[in-house]
Amino acid sequence: MSTRDYIEKDYYAALGVAKDASAADIKKAYRKLARDLHPDKNPGDASAERRFKEISEAHSVLSDTARRKEYDEARSLFGSGSGRRMPGAGEPGGTQFDFGDLFGNIFSGAGTRGRTAPRRGSDLAADVTLDFTEAVTGVTVPLRLAAPGHCAHCGGSGSRPGTQPRMCPRCFGLGMVNHNQGSFSFSEPCRECRGSGAIIDNPCPECRGLGQSTSTRAINVRIPTGVTDGQRIRVAGKGIPGGRGGPPGDLLVTVHVKPHPLFGRKGDNLTVTVPVTFPEAALGTTVSVPTLDGQVTVRITPGTSSGRTLRVKGKGVHRKDGTVGDLLVTVEVAVPAKLSEEAREALETYAKATPSDPREHLQQVGGDHA
């Protein structure tokens, strides 16, 4: 079904309402007719099936405020409702119109949305690898992107400079054609223009009519503070250029973070393990602990056990919104692999002075099960 067929249809007459009918009146009329004409209520009735299709199509246009307005304007210009003929290209007095631009949005629900309308460009993907510190503090990284862009020779038109594409005479610039098969219809890309809505008689010698060419460009991308491994950063408008004046897509940057030899990360908190000797853990001490911006002093209280975690406020990840994480310091009691004779004697003396068994509760549990 062509654009001309749509314009010449009277959707108001199909629903039996006036041209100034309210949205409520249109909805009411459609519901009443739909109940009466529904195929389930009229099995095998081709006439009822055809009418049901007509009112459904009419309702899809008239129930949408924007599409109804465009439909009314189109009929007032060229439709049968105004008593004026729609002149065709090549007819006496006729003018070549770009029906894709004029009517493309009216019948989007019927599968004939104009392809000559501006189209947003595709998104572009890139990867970047950061050091652990760069991910925590944020960094600006340069990227070189090889991606399609507007052909510099033809400006993206696809036509040889000095020429212009012409509207496809078969689909009137819509890029789609409709076919009827009995009571059903379907749409497919126009074979004449391959779905573009335009015919390029003189292709650009550089891009061969595509309107795009692959080029390399360099951009700087700001990676925010606190980015995590695998996180995706969206950079608006830095993707592939849009078609027919449409906006470009976005650049999606996936971040990979190298591990740090000392620090780990849990959310906005940084983690570090600090070894202490047994005497330091037992008697207490003060140790110097590294952070990403210098050293801090941490107090180890007497009797601190191995594996205990101490918190240093404000030494974690600093977010742009003001959120600040902490540094989590895990104490690890270091056990020497080799002992001097003097150290061994001292430990044996200590063991005799502390006869309590730290595993006594385990033996009691085992005895209960025996």
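Me: In this predicted model, what makes β11 and β15 count as paired strands?

Reply: Two strands pair if DSSP finds at least two bridges between them. Strand β11 (residues 269-276) and strand β15 (residues 327-333) are joined by seven bridges, so they pass that cut-off. The two run parallel. For one of the bridges, look at V274: its partner in β15 is V331.

Me: And why are β10 and β14 called edge strands?

Reply: Follow the strand order, which is β10-β11-β15-β14 in an open sheet with mixed pairing. β10 (264-266) and β14 (309-312) each have a single partner strand, so one side of each has no neighbour in the sheet. From one strand to the next, the twist averages 35°.

Me: Over to the helices. Why are α3 and α4 called roughly antiparallel?

Reply: Angles over 145 degrees count as roughly antiparallel. The axes of α3 (residues 23-37) and α4 (residues 46-62) cross at roughly 160°, so the pair gets that label. Those axes also come within 10 Å, and the crossing is left-handed.

Me: Which residues make the contact between them?

Reply: On the α3 side they are I26, K27, Y30, L33, A34 and L37. α4 brings A48, R51, F52, I55, S56, H59 and L62.

Me: How many residues of each class does that contact have?

Reply: Nine are nonpolar, two polar and two charged. Lys and Arg count as charged, so K27 of α3 and R51 of α4 go in that class.

Terms used: Residues numbered from 1 in each chain as written. Predicted model: local features only at pLDDT ≥ 70, side-chain atom pairs only at ≥ 80, totals over all residues. Heavy atoms only, no water. Axes fitted to C-alpha atoms, helices over the stretch in contact; angles between N-to-C directions. Helix = DSSP H or I, 4+ residues; strand = E, 2+ residues; numbered from the N terminus. Parallel < 35°, antiparallel > 145°, perpendicular 65-115°, else oblique. Left-handed = near helix turned anticlockwise from the far one by under 90°. Contact = heavy atoms within 4.5 Å.
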